[in-house]
Amino acid sequence: IKGFKDIDGDETSINTISLIPNGNMLVGGSGGALYEYQKQPDGSYKLSELIEGFKDKDGDETHINAISPLPNGNMLIGGGAGALYEYQKQPDGSYKLSERIAGFKNKNGHETSIDTISPLPNGNMLIGGWLGVLYEYQKQSDGSYKLSQRIAGFKNKYGNETSIDTISPL
C-alpha cells in the first residue's frame, strides 16, 4: 500500500496500524490523517475512508501514535498534542467524532504525546504517554470518560522519565 498523505497532500510516515474485527485495517501517522482500508476478497486492501483534522491546540496538524478499536465498533485515537479522540461507527460504516479529551500533560505541565491506549473489560481505559505518565479514565453512564488516576514516575534504569509505549492489562 502506497500513498499515505497528510492533510496538505504531502507524503507522511506511518506510526501505527490496527486491525479491526471486520478485517479492515486502520493506519495512522504524521500529518493529521487516519486511513481505513477495507479488506478485499482477494486479500488486498483498498482505501475506504480518510479521516482528517487531527490538530493540536494551535490548529497545527499532529501525528497519530495509537489506535484502539472498541468492541462496539467505535475507536479511540491518540497522538501528539495531548488529546485523545473517540470516533463512533455510523450505520453507513463511516466514523464521526463523538468526544475529544484534552489535557494530557507531563509533570512540567506541557502537552504530551499519547503513545498507547488499552481498553479494559470494565469499559475504562489506560493511556500511556511520553515522559512517564500513565492515565486511567473511567467510562461514565452517559458514555463519556472521566480521569480517575494519573500515575507519574515511570523511569528508566538511569533515573530519567521514560515513555510508556505499551500497556497490556492482565
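A nonpolar core, as meant here, is a set of buried Ala, Val, Leu, Ile, Met, Phe, Trp, Tyr and Cys residues joined through side-chain atoms within 4.5 Å. Keep in mind on this tour that the model is predicted.

**First stop: the largest core.** Select Leu 84, Phe 104, Met 125, Ile 127 and Tyr 137. Of the 14 residues in the largest nonpolar core, these five touch the most other members. Now colour strand 9 (114–119), strand 10 (125–129) and strand 11 (133–139): each supplies at least two residues of this core. Strand 11 is the top contributor, giving three.

**Second stop: Leu 84.** Centre the view on Leu 84 and show its surroundings. Neighbours within four places in sequence aside, Leu 84 is in contact with Leu 76, Ile 77, Gly 78, Glu 99, Arg 100, Ile 101, Phe 104, Ile 114, Ile 117, Met 125 and Ile 127. Apart from this core lies another, of 13 residues; to find it, select Leu 26, Phe 54, Tyr 85 and Tyr 87, which are among its members.

Go back to strand 9, where Asp 115 has its place.

Next, display the polar contacts of the Asp 115 side chain. One, of 2.9 Å, runs to the side chain of Asn 65, and another, also 2.9 Å, joins Asp 115 to the side chain of Ser 113.

Conventions. Residues numbered from 1 in each chain as written. Predicted model: local features only at pLDDT ≥ 70, side-chain atom pairs only at ≥ 80, totals over all residues. Heavy atoms only, no water. Buried < 20%, exposed > 50% of the residue type's maximum accessible area, 1.4 Å probe, protein only. Helix = DSSP H or I, 4+ residues; strand = E, 2+ residues; numbered from the N terminus. Contact = heavy atoms within 4.5 Å. Polar contact = N/O pair within 3.5 Å; in protein donor to acceptor, adjacent residues only side chain to side chain.
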